Amino acid sequence: MLVDSPPEQQRAETAPAPPSRRAIRALGLLAAVAVLVLVALASIAIGAKSLSVGEVWHGLFHASGTYGDAVVGDRLSRTLLGLLAGAALGLSGAVLQALTRNPLADPGLLGINAGASAAVVTAITFFGVTTLSGYVWFAFLGAAAVGALVYLLGGSRGATPVRLALAGTAISAALYGYLQAVMIMDNAALGKMRFWTVGSLSSATDRTIEQVLPFLVIGTVLALALARPLNAMAMGDDTARALGAHLNRTRALSMAAATLLCGAATAACGPIVFVGLMIPHVVRSFTGPDLRWILPYATVLSPVLLLGADVVGRMIVRPAELQVGIVTAILGGPVFIFLVRRRRTAQL
Amino acid sequence: MKDPRTPGRPGASGTAEGSARAFHPRAVRTGGLSVRLDVRAATVVVLLLVAALAASVVLIGTGDFPISAGDVLATLTGNGNAGQEFIVTELRLPRVLVGLLVGASLGLGGALFQSISRNPLGSPDVLGLGQGATAGALVVIVLFSGSATAVTAGALAGGLVTGLGIYLLAWKRGVHGYRLVLVGIGVAAMLTAVNGYLITKADLVDAARAVVWMTGSLNGRDWTQVWPLLALCAVLVPLVLGKARGLRMLEMGDDVAYALGVRVERTRLLLMLAAVLLTAAATAAAGPVGFVALTAPQLARRLTRSPGPNLVPAMCMGATLLIVADWASQRAFGADQLPVGVVTGVLGGVYLLWLLVAERRAGRV
Amino acid sequence: MRPAGRRGPGGAGAGGGAGTETGGAHRSADGGANENTKRSTGTVNRLSAENVTLAYDQRVIAEKLSVEIPDNSFTVIVGPNACGKSTLLRALSRMLRPSEGRVLLDGQVIQSMPAKKVARTLGLLPQSSIAPDGITVGDLVGRGRYPHQGILRQWSAEDERIVQESMASTGVAELADRYVDELSGGQRQRVWIAMALAQQTPLLLLDEPTTYLDIQHQIDVLDLCAELHEEQGRTLVAVLHDLNHAARYATHLIALRGGEVIAEGAPKDVVTAELVERVFGLRCQVIDDPETGTPLVVPAARKARASAAAGVAEGA
């Protein structure tokens, strides 16, 4: 079956960690932020035209309209989107894994990517939408609708990890069937969709960011606030109830947070796999099962992966670029498999 | 499982006749030989076979040039007129045979994988075999604009390499079911990205061809696809069924299986190899037809109401499903408009939803 | 009480230094040479481990451990958590291959024997077993007949009879048509034992058969084991947590600590206050069980233990 709670999580700490360990974790978080800043700078500096540190500095703080400044401006919105989308994907993955008590849970498994994709193909084929800012709303609606549907079909109040995963898989199946049918019959849709479905940051504009920002902020706040109740839920429904957690409320809010985050990210960049699945795994391997640490770490480290992958994608086939969704999958796959192999199976 | 050749539940005290839970397989014994027969499972298999054959006849009669069922049967038995004979034996019969064989292979491969991974979602489509075969086919289509035969070969190679890779990556003092699923999902995600990249690299004509292939289709399949598939099934199916008893023991955990004298790792390797071959060959012939491997074993299990991998029922169910889906797509959208994979995908999704609702009512999930 | 005297030369008490390890390698080579002579003596027990080193990956659980399971005994292995008792049982049942040394069944190295042949001689009730979805009790017990079956001999009248007998002797016959998932923990354990019985092996190994059961079912299961041992003459090897249960039911006790045999023999020779303290680190009294006369371990009161501990601390 789909996995029950890993034993690791059953031992979730109720008492705060000893101060020394906490200090190490806090320092680690600072280091992660530092890495993130470096990666973000790299993302601005590296591309078809490489910029020096000085040029980046000039473009960021004393922009005077030089060519370098224009490049910086362009890459700035791309980098910002990468930051936001990465954080959103990692956070929603961590919340979904805690909610379903299933380390396989990711936005793809719960059907959210499929919902967004189906909505976008509908927009292109039946509503004649052609611009990215037009897709965004459809993608978001699709993701939200499927998120709600999965939650309802998963049994709303009686939702169990297995039911949620099955409901997500079922809806994805039906939607991908629809998606393929449309793409086969409408070549124009295929022409657009094939680029959208690999996931990319390259079409980012300030407008896209403005569109998705409110959702991302609400989702992030909600997710971070859910760390405690989700910690309690990790130990099983009965224990959580005994600890005084509101199961149904926590489930509904978690699902809402995950849908907001992942729906907005998918709407802005297309379906990007693996960030939401992998980063929480990586984070858990050094923070342990406490979501109060997992969630902040995931928020910081996921954009490191996403931006890093974007930079790599720009470097290896210069002057063309490899879409970020492809790079995260190719980079993420081996890391993921390594993690799966390294840990004892019982802990997965 | 409870394909009729494997041992089943002991015919314990004959109490609850007619009640849902007590259906005792009969043991057929002559001299030193004894064979078990689960009556319900056997009935299910027979009914599914009848359904598959009936659907095949109807499917042969369906198309731009409709032929009545009676004429189809007459033609198949050699009593038709020349025009019908050409359409039936040269065009439509091979397509139906490919459908039956692909469906059966996917059903069997899915049942094997789900049993080995002890996970109802551990089917070849989730584990990345479909994506591997797709990657092989796309390389041929996009990078070399290869012929149909070359695409088939590419898909076969892609599927086999992926299966081998997953097994090796999941190997660590034995293959644990759960690790297998996780590694498979990782590989599947990587391959999906590769496939997406290949499609963005293609020109639109190749991309359209690739999407049709990726959906899974029976259009234009002929005798050259039938023979290799048939030969492979003829070798693998008896082999797999011979090992089915060991597989049943594996369901109770490696320790119990060991204690009962099953050579766990060897049985698992052999069965996985067979499942990979079956799935890769089926995918090479018809493309990665979605969800047959996932749903056929689950459906079969619900019909036989019997624990175990239900290998033979899953096989028959797969064949029936694919043929019915192909017929449905031709009826609903016209001949050769929509590939069969679209229908199995949608049907599979609807089935899983129904399953959820039903299971919830029964309070099982 | 017999201290661990029968271990190989140099094995007793010696730690795990590099020197002894190379010595061990030589010894196991010698051991291979005299396999036949040992078998021909005829006094050898059916199941034994010789100088086995047991490890999971790099983690060594026991080094150069030697154990004999006396024929027709009800042998119980006891020891504190993580002392290697389940690991030893896994090695005895060929579930774990020793990295050094060997396990002998009827004079043959167990790994070299055909799997089904072993399964007809030696049964195991592991801790982790999975009841397949929707399986009935009768079906599950019937699966224990696997090592006796083949493609052409799938379900003989004898299989039928033995399954009925196994279910009857474990008291689950009336549950035959129930689903295993519907049963209580105690019933389920009986069903698994019935499956192991249907295997019809003269040797039966049980890994913590009483875990997760309430006291009544624990006694139930142990009574059943005693019955199997006394009435059917099977050799039983069990890992038990409860020392008092072990002392009451075992005919032969093996006490392990840190992967070493500290003592073995009849319970009344082995279970002494001194040994319990050595093996479990617990101060206690040993009195006669008022029901059976076997040793009964009564842990010292909390205050007595605390003052003793304080005394030790002062002394140090």
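Which residue with a positive phi follows helix 4 of chain A? In the predicted model described here, local features need pLDDT of at least 70 and side-chain atom pairs count only at pLDDT 80 or more, whereas totals for chains, interfaces and linings use all residues. Residues are numbered from 1 along each chain as its sequence is written, and chains are lettered from A and ligands numbered from 1 in the order in which they are written.

The residue in question is R101(A), with a phi near 50°. Helices (H or I, at least four residues) and strands (E, at least two) are DSSP runs, numbered from the N terminus. Helix 4 of chain A has 34 residues, which at 1.5 Å a residue should span 50 Å, and the 49 Å between its end C-alpha atoms agrees with this; the expected span is 1.5 Å times one less than the number of residues. Of the 34 residues in this helix, 25 are buried. A residue is buried if 20 or more other C-beta atoms, placed from the backbone, lie within 10 Å of its own, exposed if 12 or fewer do, and partly exposed in between.

The loop between helix 4 (67–100) and helix 5 (112–126) of chain A holds D106(A). D106(A) counts as buried because it has 29 C-beta neighbours inside 10 Å. Leaving aside residues up to four places away in sequence, D106(A) touches G93(A), L96(A), G276(A) and L277(A); contact requires C-beta atoms, placed from the backbone, within 7 Å. M278(A) lies 172 residues from D106(A) in sequence, yet their C-alpha atoms are 9.0 Å apart.

Between chains C and B, the contact takes 37 residues from chain C and 35 residues from chain B. On the chain C side, two or more residues come from each of helix 4 (115–121), strand 7 (122–125), helix 5 (137–142) and helix 6 (157–169). Helix 4 of chain C gives the largest share, four residues.

Elsewhere in chain C, strand 12 (residues 284–288) and strand 13 (residues 295–299) pair in the antiparallel sense over five bridges, where pairing requires at least two DSSP bridges. V286(C) has V297(C) of strand 13 as its bridge partner. The two strands form a hairpin with six residues between them, and G293(C) in the turn has a positive phi of about 80°.

In chain B, residues 126–144 are 95% helix and 0% strand, with end C-alpha atoms 28 Å apart. For residues 269–291 of chain B, the corresponding values are 78% helix, 0% strand and 24 Å.

Notes
Two residues are in contact if their C-beta atoms, placed from the backbone, lie within 7 Å.
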